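Notebook open, model loaded. I'm starting with the overall layout, then going through the sheet.

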Amino acid sequence: MTNSTHDAMHAMVVLTIHRGVGDGPTYTEQYELSPENTPSLLDGLRWIHRNVDDTLAFRYSCINANACKECMLELDGEVVYACMERLKPGHRYNVKPLSNKARFRDLITQIAPAKEQLQTSYPNPDTTATDDKA
Ligand code: FES
């Protein structure tokens with residue numbers, strides 16, 4: 001491996017994260033991370049939360065299993081699952097909450113939990129009106 005290849009593989013990843021509370025003003029914070037700490041975007045966010053700023057708010061549940069769908073946010077304008085996004089050493093990224101959802105705080109937006117979505121898709125038979133009783 002040449003020195004330049006080695007340098008490229010170890011160049012820092014820069015995340016510019018859009019933060020704020022509710023409808024309040026948005027500000028950005030920039031974090032530089034070693035690529036070893038950011039195999040995925042979610043890993044990077046968790047590393048920042050553990051080591052740099054424990055006030056950074058983001059949502060996840062299953063951690064890199066792509067099962068809970070709670071880690072959705074925008075990376076460079078694209079809607080992504082943070083746990084599935086691989087980050088490249090030496091690259092800079094913009095990280096925002098979902099722009100079509102109400103923001104609670106930082107990267108957390110109002111998304112319906114899976115349980116609620118399921119109830120909407122399959123109405124509870126106990127609460128469904130029927131003509132049988134008439
Ligand atoms: S953390 Fe569950 S899908 Fe990303």
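Predicted model: local features only at pLDDT ≥ 70, side-chain atom pairs only at ≥ 80, totals over all residues.

Ground rule for elements: helices (H or I, at least four residues) and strands (E, at least two) are DSSP runs, numbered from the N terminus. By that rule I get three helices and seven strands for the chain. Read from the N terminus on, the order is α-β-β-α-β-β-β-β-β-α.

Residues are numbered from 1 along each chain as its sequence is written.

Next, the sheet. I count strands as paired if DSSP finds at least two bridges between them. Five strands form an open sheet with mixed pairing, in the order S2-S1-S5-S3-S4. Strand S2 (27–33) and strand S4 (78–81) sit at the edges with a single partner strand each, so one side of each has no neighbour in the sheet. On average, neighbouring strands here are turned by 35° against each other, direction ignored.

S4 pairs with strand S3 (residues 72–75) in the antiparallel sense, over four bridges. Leu-73 has Val-80 in S4 as its bridge partner.

What lies across strand S1 (13–19), S2 and S3? Helix H2 (residues 41–51) does, running at about 100° to S2. Axes are lines fitted to C-alpha atoms, for helices over the stretch in contact, with angles from 0 to 180 degrees between N-to-C directions.

Last check, contacts (C-beta atoms, placed from the backbone, within 7 Å). Of those with a separation of 6 or more, 44% join residues 24 or more positions apart.

Methods. Contact = placed C-beta atoms within 7 Å.
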